[in-house]
Amino acid sequence: MKKLSKKEKKKLKKIKMENKLKKKEERLNKKRKFNFNDIFGGMFVGIANIIPGVSGGTMLVIFNLFDRLMYAISDIFKKQTSTRKQSIILLFKVLIGAAIGIILFAKLLGITLKYLEAETIFWFMGLILFSIPIIIRDELKGNKFNIVLFIIGFVFIIGLQYLKMKNPTNNINNTMNIFHFISLIIYGAISGATMIFPGISGSMVLLVIGKYEMIRSYIDKLTSLNIDAFISLCFFGIGVILGIILSAKLTSFLLKKYKGGTVSLILGFIIASALILPFNIENSFDITTAKICAIITSFILGGCVIYYINKFQNKKA
């Protein structure tokens with residue numbers, strides 16, 4: 001048997017790796033029976049995006065949708081792919097779920113955030129923190145944990161929170177010109193890129209750069225059929241779509257080539273974002289025994305939701 005040269009061994013290893021990645025991508029996008037899991041996960045993504053400081057991307061990771069969605073978005077824009085149809089279906093189901101979550105729960109969350117803000121925030125905190133062991137088990141399987149990237153991710157989120165607290169005011173710019181529209185596309189791209197990335201809240205990033213109030217004011221003006229607000233949101237929406245596509249393609253590449261490091265960075269984002277959630281509580285409340293018990297109960301209930309979701313997913317698998 002002919003002994004392979006170092007160059008031939010390297011080439012063979014590269015081919016094996018490419019075949020392995022191709023099979024993984026096909027497995028992530030393979031044709032599945034229609035199930036409610038993707039829509040249910042999408043609903044939580046929509047709910048998360050309503051609450052300031054909570055990341056929709058974190059919900060994607062918790063419901064085992066992050067890898068699949070990143071690959072799906074990247075797959076849709078490939079020239080040659082046999083799984084485009086499945087990728088579009090997955091994206092459509094998650095978007096439908098997110099829309100249902102926003103429509104059905106926006107009013108309910110508005111009430112809970114008004115009267116039970118601390119309990120609602122701590123419920124999400126429990127939901128995120130209790131999911132960490134599951135994320136480590138599922139996502140870091142066979143990959144090395146990178147402590148440096150974890151710390152970078154953790155410090156980055158803490159820095160965002162610090163900047164948000166230092167910059168509570170938001171500028172509103174109503175000047176309708178070409179520079180305004182270009183800036184809206186840029187803000188939309190930043191928001192879109194961070195909207196689906198675990199641990200980073202798109203609304204928090206807009207708060208940090210001082211544009212959250214401006215975008216919120218445009219959304220409020222839609223009900224009065226304000227044409228300037230509609231045009232501005234269209235440009236912002238273009239930016240959001242571009243941001244999501246570029247972020248998904250980059251993340252898909254990083255998950256393929258540097259899975260351990262990327263997951264370590266994401267874990268830093270997620271854990272830090274969960275720990276700073278209490279700092280996003282806006283309404284003051286009296287610290288009483290009943291209130292503390294209610295907060296602890298809400299936190300534990302968030303963990304219970306994760307436990308039963310994981311149990312259901314394992315049973316189905």
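1. Read from the N terminus, the protein chain runs α-α-α-α-α-α-α-α-α-α-α-α-α-α. That is 14 helices and zero strands. Helices (H or I, at least four residues) and strands (E, at least two) are DSSP runs, numbered from the N terminus.

2. A word on the basis. This is a predicted model, in which local features need pLDDT of at least 70 and side-chain atom pairs count only at pLDDT 80 or more, while totals for chains, interfaces and linings use all residues. Residues are numbered from 1 along each chain as its sequence is written, and side-chain values use heavy atoms, with hydrogens and water left out.

3. Burial overall. The protein chain has 317 residues, and 45% of them are buried. Buried means under 20% relative accessible area, exposed over 50%, partly exposed in between (1.4 Å probe, protein chains only). The chain exposes about 18,200 Å², with 68% supplied by carbon and sulfur atoms. Accessible areas come from the Shrake-Rupley method with a 1.4 Å probe; for residues, only the protein chains shown count as cover.

4. Contacts. Among contacts in the protein chain with a separation of 6 or more, 83% join residues 24 or more positions apart. Contact means heavy atoms within 4.5 Å.

5. The largest nonpolar core holds 54 residues, and Met 59 and Leu 60 touch the most other members. Helix 13 (residues 259–275) gives the most to this core, eight residues. A nonpolar core is a set of buried Ala, Val, Leu, Ile, Met, Phe, Trp, Tyr and Cys residues joined through side-chain atoms within 4.5 Å. Leaving out residues up to four places away in sequence, Met 59 touches Phe 44, Val 45, Ala 48, Phe 124, Leu 127 and Ile 128. A second, separate core has 11 residues, including Tyr 187, Tyr 218, Leu 233 and Val 240.

6. Look at helix 4 (residues 66–76). It is largely enclosed by the rest of the structure, because 11 of its 11 residues are buried. Among them are Arg 68, Asp 67 and Asp 75.

7. Now the surface. Phe 145, Ile 147, Val 148, Ile 151, Ile 152 and Val 155 form a nonpolar patch, with about 540 Å² of accessible area together. Like charges are joined within 9 Å, nonpolar side chains (Val, Leu, Ile, Met, Phe, Trp, Tyr) within 5 Å. Ile 152 lies in helix 8 (residues 147–166). Its relative accessible area is 47%, so Ile 152 is partly exposed.

8. Cysteines. A disulfide is a pair of cysteine sulfur atoms within 2.5 Å; the count is zero. Cys 234 is partly exposed at 36% relative accessibility, and Cys 304 is partly exposed at 29%.

Technical notes. Patch = residues over 30% accessible without salt bridge, like charges linked within 9 Å, V, L, I, M, F, W, Y side chains within 5 Å. Salt bridge = Lys/Arg side-chain N within 4 Å of Asp/Glu carboxyl O.
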